[in-house]
Amino acid sequence: MTELTEKQQAILSAAVEEFAQRGLQATTMEAICTAAGVSKRTLYKHYATKEALFDAVVVSLIERIQPITTIQFIPNYDFEIQLRHLADSAVSLLADEDYIKLSRIVMIESMRCQAQADRLNRKFSQCEAAMSLWFEEASRAGCLGTFSAPFAAAFFWGALKRLTFWDQAIRWQAPLTETDLDAFVTQACQLFCGGIKYATQQSI
């Protein structure tokens, strides 16, 4: 994880708030200086341009995702237990307020223009590939039945994001309670594993 000085952290935190409220285009470096309580000289010493500062925000988001990408699939170990661990790790991130705020900033900039979207997609492509690796390994171990790894990964992440991320990020809904979140993860894992077993039985 990137080590930040106290002033860099103050600048980055201020930038996140300003970008979240005004967007990248409308945010000024002067406003970030004021919010961070630093001089222009200090700001430009660490971040030469507003785009460099935005890239630092993107790096912060990627670093939040990376712990999930390091979770490895273990062959010959209970699949549902492993899936539950992966789901718990994912929802703890997806439901995090700071992660949601950072994600909104990136989504807004991606929608603003295709060039920006392409640039951001390149930055996140490595994380996305790593997140799919777990399902590729599960598929090689025969744990996904007749389903392909790309489909299983898309179905799994999509289901988790539906109630733990999109409603909060797009619709500004209140996050699920810990009890509701636990119940949702349990049902999602049971449905996922049940679907694999059913499809496998039908193909025999």
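The largest pocket of this predicted model holds about 580 Å³ of space. A pocket is an open set of points on a 1 Å grid over the protein atoms alone, with protein on both sides within 12 Å along at least five of seven lines. Its volume is the space filled by probe spheres set on the points, and grid points are joined across faces, edges and corners. The pocket has 25 lining residues, where lining means having an atom within 4 Å of a point. Ile 65, Tyr 99, Phe 124, Glu 128 and Lys 161 lie nearest the centre. By class, 18 lining residues are nonpolar, 5 are polar and 2 are charged. Here Ala, Val, Leu, Ile, Met, Phe, Trp, Tyr, Cys and Pro count as nonpolar, Asp, Glu, Lys and Arg as charged, and the others, Gly among them, as polar. H4 (50-69), H5 (79-94), H6 (97-112), H7 (114-140) and H8 (149-169) each give at least two residues to the lining. Helices are DSSP runs (H or I, at least four residues), numbered from the N terminus.

Residues are numbered from 1 along each chain as its sequence is written. Local features need pLDDT of at least 70, side-chain atom pairs count only at pLDDT 80 or more, totals for chains, interfaces and linings use all residues, and side-chain values use heavy atoms, without hydrogens and water.

Helix H6 has 16 residues and reaches 23 Å from its first C-alpha to its last. This is close to the expected 22 Å, taken as 1.5 Å times one less than the number of residues. Asp 96 caps the N-terminal end of H6, with a side-chain oxygen 3.1 Å from the backbone nitrogen of Asp 98.

Two loop residues complete the account. Thr 27 sits between H1 and H2 (29-36). Thr 27 counts as buried because its relative accessibility is 1%. Leaving out residues up to four places away in sequence, Thr 27 touches Glu 18, Phe 19, Arg 22, Ile 32 and Lys 50, with contact meaning heavy atoms within 4.5 Å. Asp 78 is in the loop between H4 and H5. The side chain of Asp 78 reaches the backbone nitrogen of Glu 80 at 3.1 Å.

Methods. On a 1 Å grid over the protein atoms alone, a cavity is a set of points where a 1.4 Å probe fits but cannot get out, and a pocket is an open set with protein on both sides within 12 Å along at least five of seven lines; lining residues have an atom within 4 Å of a point. A polar contact is a pair of N or O atoms within 3.5 Å; within protein, one must be able to donate a hydrogen and the other to accept it, and residues adjacent in sequence count only if both atoms are side-chain atoms. Buried means under 20% relative accessible area, exposed over 50%, partly exposed in between (1.4 Å probe, protein chains only).
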